[in-house]
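Hi,

Here is the structure I said I would pass on.

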Amino acid sequence: RRPDKAQHMNEQTIRGAIAPATEFALGFQQDGVQLLRRQDGAWAELRRADFNGDLRGALGGFVQTLRAANAPGLALVIPEDQILYTDLTLPLIPGGTDVALRKALEGLTPYRVEDLAFDFSPANAMPGNEVKVAAVARQTLQEAEDFAVRHGFAPDRFVAAPLPGQFPHAPNFGATELASEWARAAELAAD
């Protein structure tokens, strides 16, 4: 892994920013994968690929659907059972919101805080404030991205689809490694 990877995967979520709207997504379920499209502010299933069926063929159909739609981006919707949703009071410690969030998350999961990606709300929270947090293991994000890339997709970000009232917006867990590499390549090409 590159040393900057951990920093980059949280650069969007540290600020509690709402993810830009992506029209298409892959959703991961216990029994398969969904091709989703945003409709009326929510994800609607367009197609499904079952793990115990013709997975490769069904995913190939997803790729064709995305190409036909000229989809500009593809989000990866992380399963709810992989996300910790919690309410926290940010400790009053020096270092600002990021340091307070990391301190508050210590010990809440089996993972070290640096191995988590997270989003929070409200975005302007300061130490001492109450926040809602959505956190997920970076390993889970990497596994989702690896699966998508291995099957011919080019995902650009990680998001979640919380239940009503669970979180104020769709959590944004940041850009995929692939999207980060594209951004770096574009920066180099512009120089």
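First, a word on confidence. This is a predicted model, and the protein chain averages a pLDDT of 87, with 89% of the residues scoring at least 70. Strand S7 (residues 130–137) has the highest mean among the elements, at 97, while helix H1 (residues 5–10) has the lowest, at 36. Where pLDDT is low, the predicted coordinates should not be read in detail.

Now the overall layout. The protein chain has five helices and nine strands, and along the sequence they follow the pattern α-β-β-β-α-β-β-α-β-β-α-β-β-α. Of its 191 residues, 43% count as buried. If you take the contacts with a separation of 6 or more, 61% of them are between residues 24 or more positions apart. The chain exposes about 9,900 Å², and carbon and sulfur atoms supply 52% of that.

Next, the sheet. Six strands form an open sheet with mixed pairing, in the order S3-S2-S1-S4-S8-S9. Strand S3 (42–50) and strand S9 (172–175) stand at the edges; each has a single partner strand, so one side of each is left without a neighbour in the sheet. From one strand to the next, the twist averages 25°. Strand S1 (residues 24–28) and strand S4 (residues 74–77) run parallel and are joined by four bridges. In one of these pairings, phenylalanine 24 has leucine 74 in S4 as its bridge partner.

Finally, what does helix H2 (residues 55–68) lie across? H2 lies across S1, strand S2 (32–39), S3 and S4, and runs at about 140° to S3. H2 has 14 residues and reaches 20 Å from its first C-alpha to its last, close to the 20 Å expected at 1.5 Å a residue. Its buried residues are Leu55, Ala58, Leu59, Gly61, Phe62, Val63 and Leu66. An α-helix has 3.6 residues a turn, so residues three or four places apart point the same way. You can look for that spacing in the list of buried residues. The cover over the buried residues of H2 includes the strands S1, S2, S3 and S4, and also helix H4 (138–150). After H2 comes asparagine 70, which has a positive phi, near 50°.

Best wishes

Notes. Residues are numbered from 1 along each chain as its sequence is written. This is a predicted model: local features need pLDDT of at least 70, side-chain atom pairs count only at pLDDT 80 or more; totals for chains, interfaces and linings use all residues. Side-chain values use heavy atoms; hydrogens and water are left out. pLDDT is the predictor's confidence in each residue, from 0 to 100. Helices (H or I, at least four residues) and strands (E, at least two) are DSSP runs, numbered from the N terminus. Buried means under 20% relative accessible area, exposed over 50%, partly exposed in between (1.4 Å probe, protein chains only). Contact means heavy atoms within 4.5 Å. Accessible areas come from the Shrake-Rupley method with a 1.4 Å probe; for residues, only the protein chains shown count as cover. Two strands pair if DSSP finds at least two bridges between them. Axes are lines fitted to C-alpha atoms, for helices over the stretch in contact, and angles run from 0 to 180 degrees between N-to-C directions. The expected span of a helix is 1.5 Å times one less than its number of residues.
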